[in-house]
Amino acid sequence: MEPRHLLVSFIDLVPRKGLALDAACGVGINAAYLAKHGLEVIGIDISEYALHLAKSTIRHLDYPVEFAVLDLSLPWLPKDFFDVITNFHFLERAAIPVYRQALKPGGLILFDTFMLTKTTIDIPGYYLEPGELDQLFDGFEIIHYSEEIS
């Protein structure tokens with residue numbers, strides 16, 4: 001498995017030291033990529049099984065990554081704590097204000113998730129409305145914004 005394309009594309013903007021949060025990290029591919037880049041990383045996910053796989057994936061790599069179980073529908077993160085926050089293929093609207101306050105001034109958020117389309121048949125609340133993400137990060141400097149239907 002490869003890290004998310006958005007992360008790879010913008011890795012030059014990611015600092016080489018500091019603390020990163022990989023939210024909904026799954027099996028830890030993006031967390032490992034951030035750690036390889038030089039960051040200390042905390043990967044969080046609601047799935048203990050996914051975190052077990054993540055630990056197994058990077059155990060032999062000796063990267064500075066810690067994992068924790070966290071339900072992002074009831075999030076709490078310390079204020080001005082993270083230099084980088086990533087959120088890929090996951091949407092929990094309750095987490096976004098928490099991400100905003102947990103990011104250090106000048107920090108970087110990389111956010112990539114699914115958009116609602118006319119053909120969406122799953123639960124619509126799991127998808128962003130067109131323009132919604134831009135509104136949720138109002139007041140942030142947006143370096144890259146794209147809405148794509150894939």
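**Exercise 1. Decide whether asparagine 30 is buried or exposed, and find which residues it contacts outside its own stretch of sequence.**

Solution. Start with the accessibility: asparagine 30 has a relative accessibility of 11%, and therefore counts as buried, where buried means under 20% relative accessible area, exposed over 50% and partly exposed in between, with a 1.4 Å probe and protein chains only. The model is a predicted one, in which local features need pLDDT of at least 70 and side-chain atom pairs count only at pLDDT 80 or more, while totals for chains, interfaces and linings use all residues. Residues are numbered from 1 along each chain as its sequence is written, and side-chain values use heavy atoms, with hydrogens and water left out.

Finally, list its partners: once neighbours within four places in sequence are set aside, asparagine 30 is in contact with Pro3, Arg4, Leu7, Asp22 and Phe88, a contact being heavy atoms within 4.5 Å.

**Exercise 2. Work out the order of helices and strands along the sequence, and what share of the residues is buried.**

Solution. Count the elements, which gives five helices and five strands, and then read them along the sequence, where they follow the pattern α-β-α-β-α-β-β-α-β-α. Of the 150 residues in the protein, 40% are buried. As for contacts with a separation of 6 or more, 52% of them join residues 24 or more positions apart.

**Exercise 3. Describe the largest nonpolar core: how many residues does it have, and which elements supply it?**

Solution. A nonpolar core is a set of buried Ala, Val, Leu, Ile, Met, Phe, Trp, Tyr and Cys residues joined through side-chain atoms within 4.5 Å. The largest has 21 residues, and those with the most contacts inside it are Val14, Val41 and Phe67. At least two residues of this core come from each of α1 (5–9), α2, α3, β3, β4 (82–88) and β5 (103–112), with the largest share, four residues, supplied by α2. Apart from this core lies another, of 20 residues, among them Ile44, Val98, Leu128 and Leu133.

To see the surroundings of one member, take valine 14: not counting residues up to four places away in sequence, it touches Leu7, Leu34, His37, Leu39, Val84, Leu108 and Leu110.

**Exercise 4. Find the salt bridges that link distant parts of the chain, and state how accessible each partner is.**

Solution. The structure holds three salt bridges, each being a side-chain nitrogen of Lys or Arg within 4 Å of a carboxyl oxygen of Asp or Glu. In one of them, arginine 4 meets aspartate 112 at 3.0 Å, N to O, and this pair links the segment before α1 to strand β5, 108 residues apart. Arginine 4, at 26% relative accessibility, counts as partly exposed, and aspartate 112, at 21%, counts as partly exposed.

In another, lysine 104 pairs with aspartate 83, the closest N and O atoms being 3.5 Å apart; here lysine 104 lies in strand β5 and aspartate 83 in strand β4, 21 residues apart. Lysine 104 is partly exposed at 31% relative accessibility, whereas aspartate 83 is buried, with a relative accessible area of 18%.
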